[in-house]
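Please open the model in a viewer and keep the selection panel at hand.

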Amino acid sequence: MIIKLMKQPQFVIGMLFIACLLIFSFYWPSLLDVNKKESLKLLDFLYDKDGKVIGAAPFPPSEIPPFGTDLAGKQLFYQVIDGAKYTIIIAIVIAFFRILFSVGITLLNPKSNFSYLNDIVQATLYIPTAILAYLFMNALLVKSELDSMSFSKLIVLQALILIGIGVPPLISTFSREIKTILNRDYIINTFALGSKKSYVYFKHVLPELSTKLFLLFAQQVIQSLILLAHLGVLTIFIGGSRTLMLGDFLDPMPYNIPLAGEWAGIIGMSFSKLQAAPWVILTPLSFFAITIFALNLMVQGIQNCLETNKT
Amino acid sequence: MNQSILHIKDLRVSFNQHKDKMNAVTDVSLQIDKGQTVALIGESGSGKSITSLSVLKLLPSNGKIEKGTITFNGKDLIQQSETNMRKIRGNEISMIFQDAIASLNPNMKVGVQITEGLKYHKLVPKSDLKQEALQLLEQVGFKNPSHVYSQYPSQLSGGMKQRILIAMAISCKPQLIIADEPTTSLDVTIQRQVLDLIDQYKTDRDASVLLITHDFGVVAEYADWVYVMLGGHIVESADVFTIFKNPVHPYTKALIGSIPNPENGQERLKSIKDYTFENVGYEGRRFAPETYSYESKAFNAPSSLFEVEPLHYVRFFNEREVISLG
């Protein structure tokens with residue numbers, strides 16, 4: 001399967017982009033020969049040679065290239081590059097566990113139609129996933145503030161919510177797919193030879209599903225990225241946030257800074273200033289769009305591979 | 001008296017379809033003796049394959065064995081746990097399916113598939129699996145087994161695939177082979193080759209064969225005993241000579257009558273008029289035998305097998321019909 005996929009140019013281009021972005025995100029301080037702490041420090045004001053204030057954050061891309069700064073004066077370029085690994089890894093982890101749980105649950109009872117689940121999926125089809133996620137995540141954030149939950153526990157619980165929201169529709173998809181495979185004659189033939197269910201699942205069902213699993217996985221990564229972006233707009237940050245007071249004591253301006261550096265956080269913390277500093281939102285949004293485009297290329301490559309298999 | 005290896009008694013299998021229950025097999029009884037080939041013959045949908053799948057307890061998820069016993073070597077298979085059934089499947093009873101193309105995993109090499117049964121039942125050490133597979137391939141007539149071993153099913157012809165299925169079925173040297181229309185998808189020249197292979201195995205191992213077919217030509221050549229099935233019922237059973245010499249049930253007669261006879265010259269091939277089958281007037285009775293259809297107005301009336309001559313059983317609605325038959 002991997003060899004077949006490597007023959008699909010769209011898949012290779014998409015994968016190379018994601019791989020390069022991740023490598024760059026991990027090693028950007030050494031690749032760009034900069035100090036990470038220095039590059040990501042707050043820069044409230046710009047001074048001239050004489051120490052006079054000549055500007056205040058947020059700085060547009062024309063003043064601090066290539067993407068300007070956010071409201072707290074942190075350079076967007078470094079933030080976006082550094083946040084790429086968190087964003088992509090979070091999306092990959094969510095997608096992976098969604099697939100793992102849904103396949104596992106389906107294989108526990110492959111004969112079931114999961115009709116009750118289909119009903120739930122149908123009923124919730126028209127409710128945006130972001131709204132559902134917002135309801136649960138918001139409640140969790142409130143609880144985390146009341147109970148002073150640890151950072152890691154909060155991230156795990158948030159991830160579980162994001163995983164859980166995507167599992168029911170996937171179970172519904174997999175139950176159909178797996179049932180079709182289990183009704184194939186060669187599966188009955190294998191059972192007629194005395195095979196165990198586990199053998200059939202691992203040797204026949206999962207290899208048959210593999211390309212489809214890969215396709216659904218890539219689609220789930222995209223969905224997770226979109227969901228993260230939407231949650232960012234709704235000021236729900238993965239890992240929570242801390243509040244920074246900008247302005248002066250007469251006109252304090254509370255500013256939420258996400259604790260994890262993922263892109264949705266950058267969008268969320270500046271969304272209210274969209275008109276004043278549009279580049280702060282547009283930069284991470286563009287990276288979201290480019291990453292989703294790269295993933296879509298991979299999806300296209302996998303779909304081409306599936307078509308080739310059919311013919 | 002021969003030793004019975006499989007004895008099915010009053011088997012009833014039903015299927016749930018949209019909250020309705022449909023009987024696919026009703027009160028089927030049959031017996032296979034050691035070293036015997038028993039043919040189960042009937043048209044598509046008569047319940048032959050369901051009967052055979054019941055023996056291995058591999059019915060589709062909506063199918064259920066309602067009643068009856070299936071005794072294999074003294075064990076009631078219906079009462080066996082899934083673990084015990086796994087030990088029996090492939091090892092003591094194996095099955096050859098009709099569609100060789102669909103019965104092999106297209107993404108797995110033939111050699112790996114042949115050794116699956118041996119692996120499950122741990123009959124051969126792992127290191128000897130390949131050697132055993134090569135021997136099996138040779139046994140089913142492949143001249144270059146090592147080449148075939150590493151091929152995918154799509155690289156083989158229909159006849160070759162069917163021989164692979166036979167190799168899989170005989171790999172664990174079972175005592176009973178259920179051959180479910182093993183030659184249906186093959187051309188005539190290959191059909192004989194495949195059936196000869198099964199027959200050869202039966203002779204070599206003193207095994208038994210349950211041959212499911214709708215071809216009376218195949219029955220005449222290979223079977224010792226015949227059960228004719230229709231609408232989920234056994235309608236006639238006897239040894240192969242009696243069935244051909246003295247068929248009693250109109251359906252058996254019609255089946256035999258539909259075999260092309262070159263001596264009849266240009267006479268049209270006889271077919272079974274099954275419009276009666278669809279006629280609501282018959283109230284679900286699957287076949288209305290012409291000879292006594294006038295007598296039997298209540299087609300839903302229970303029917304049973306009557307012994308019309310020693311060891312020759314025919315299904316009738318009541319005893320009067322047997323008497324009227326003379």
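**Chain B as a whole**

The model is predicted. Select chain B and display its secondary structure, which comprises 13 helices and 12 strands. Of the 326 residues in chain B, 41% are buried. Among the contacts in chain B with a separation of 6 or more, 64% join residues 24 or more positions apart.

**A parallel pair**

Next, select strand 6 (residues 93–96) and strand 7 (residues 176–180) of chain B; these strands run parallel and are joined by 4 bridges. B:Ile93 is found opposite B:Leu176 of strand 7. In a regular strand, side chains alternate between the two faces of the sheet. Strand 6 of chain B is covered on both faces: B:Ile93 and B:Met95 are buried on one side, and B:Ser94 and B:Ile96 are buried on the other.

**Where the chains meet**

Display chain A together with chain B. The contact takes 16 residues from chain A and 22 residues from chain B. On the chain A side, select helix 8 (185–192) and helix 9 (197–233), the elements that give two or more residues to it. Helix 8 of chain A gives the most, with 7 residues. Colouring the chain A side by residue class shows 6 nonpolar, 5 polar and 5 charged residues.

**Two domains of chain B**

Return to chain B and colour domain 1 (33–60 + 80–230) and domain 2 (237–325) separately. Their contact takes 12 residues from domain 1 and 14 residues from domain 2 of chain B. On the domain 1 side, helix 9 (216–222) and strand 9 (225–230) of chain B each supply at least two residues. The largest share of that side, 5 residues, comes from strand 9 of chain B. By class, the domain 1 side has 10 nonpolar, 1 polar and 1 charged residues.

**The largest nonpolar core**

Which residues have the most contacts inside the largest nonpolar core? Select B:Ile166, B:Val226 and B:Val228; the core itself has 139 residues. Helix 4 (residues 76–108) of chain A gives the most to this core, with 13 residues. The core also draws at least three residues from each of domain 1 and domain 2 of chain B.

Now centre the view on B:Val228. Beyond four places in sequence, B:Val228 touches residues including B:Ile41, B:Gly42, B:Ile234, B:Val235 and B:Leu255.

**Last stop: B:Val235**

Move to B:Val235, which lies in strand 10 (residues 233–239) of chain B. Is B:Val235 buried or exposed? B:Val235 is buried, because 25 other C-beta atoms lie within 10 Å, and the cut-off for a buried residue is 20 or more. Leaving aside neighbours within four places in sequence, its contacts include B:Val228, B:Met229, B:Leu230 and B:Arg315. Finally, select B:Leu186, 49 residues from B:Val235 along the chain; the C-alpha atoms of the two are separated by 28 Å.

Conventions
Residues numbered from 1 in each chain as written. Chains lettered and ligands numbered in written order. Predicted model: local features only at pLDDT ≥ 70, side-chain atom pairs only at ≥ 80, totals over all residues. Core = buried A, V, L, I, M, F, W, Y, C linked by C-beta atoms within 7 Å. Buried ≥ 20, exposed ≤ 12 C-beta atoms within 10 Å, placed from the backbone. Domains from an automatic or database assignment. Contact = placed C-beta atoms within 7 Å. Nonpolar A, V, L, I, M, F, W, Y, C, P; charged D, E, K, R; others polar. Pairing = 2+ DSSP bridges.
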